[in-house]
Amino acid sequence: ILNDLLKHLSLAIKTPTLYEVAVIDQLTGLYTKRFFVQEIGQQLRIAHRHGTPFTLILMDIDRFKSVNDTYGHLAGDECLHEVANTIGGGLRRPADILARYGGEEFVVVLPYIENENALYLAEQIRKRVDLQPMQADGNELHVTISIGVSSVTPTDQDDRKDLIAAADIALYEAKNTGRNKVCNAGQLTVHEGSSAAS
């Protein structure tokens, strides 16, 4: 009976809960987009209540389709995992939230961070990825990321969709002006119809 109980307990520990499946991306080990959407709303409300700055960093692996096309999807998956680890290694504060936004996109929520400091951090993350050789399915790859940064000190008029849209436009700008760079949404106007190019 004790052995059966121990086997059951061991299985229960290894089996992810429904909550973990919903909020943890199984490929990268990062939070999911679903968790990010819930968390950003809550964090914006906290920032509004305390009058503190709030920043979003949106990142996309440059020319990721060519990794899959050249080396296969297994290498692509390993590359995603490596990039996620490299980005995560550049974050130091417990309050920072890194999530897989979708496909080859990642997002970082940075409470209490001014735009200038966020731009510095984004550039450090970009450099980390650029300088880090990625091991994927026995191949050494070199990949880069493009980054969009959006900051706000929230008021009751601010919405998470606006902040995300602004970061997306900045990311689109980084993609369209050479890739492997950081663009700041503070220099851009939010408008409909823009989205990050892959």
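Guide: One caution before you ask: this is a predicted model. Let's begin at G178, which comes after helix α7 and has a positive phi, near 125°.

Visitor: Okay, how many residues are in α7, and how far does the helix reach?
Guide: Helix α7 covers residues 160-176, which is 17 residues. From first C-alpha to last it reaches 24 Å, close to the 24 Å expected at 1.5 Å a residue.

Visitor: Which residues of α7 are buried?
Guide: L163, I164, A166, A167, D168, I169, A170, L171, A174 and K175. Note that D168 and K175 are on that list.

Visitor: Switching to α5. Why does its end-to-end distance agree with its residue count?
Guide: Helix α5 has 17 residues, 73-89, so at 1.5 Å a residue it should span 24 Å. Its end C-alpha atoms are 24 Å apart, which agrees.

Visitor: What's buried in α5?
Guide: A75, G76, C79, L80, V83, A84, T86 and I87.

Visitor: Zoom out. How many helices and strands are there?
Guide: There are 7 helices and 7 strands. Along the sequence they run α-α-α-β-α-α-β-β-α-β-β-β-α-β.

Visitor: What share of the protein is buried?
Guide: Buried residues are 43% of the 198.

Visitor: Last one: what share of contacts links residues 24 or more positions apart?
Guide: 69%, counting contacts with a separation of 6 or more.

How values were computed:
Residues numbered from 1 in each chain as written. Predicted model: local features only at pLDDT ≥ 70, side-chain atom pairs only at ≥ 80, totals over all residues. Heavy atoms only, no water. Helix = DSSP H or I, 4+ residues; strand = E, 2+ residues; numbered from the N terminus. Buried < 20%, exposed > 50% of the residue type's maximum accessible area, 1.4 Å probe, protein only. Contact = heavy atoms within 4.5 Å. Expected span 1.5 Å × (residues − 1).
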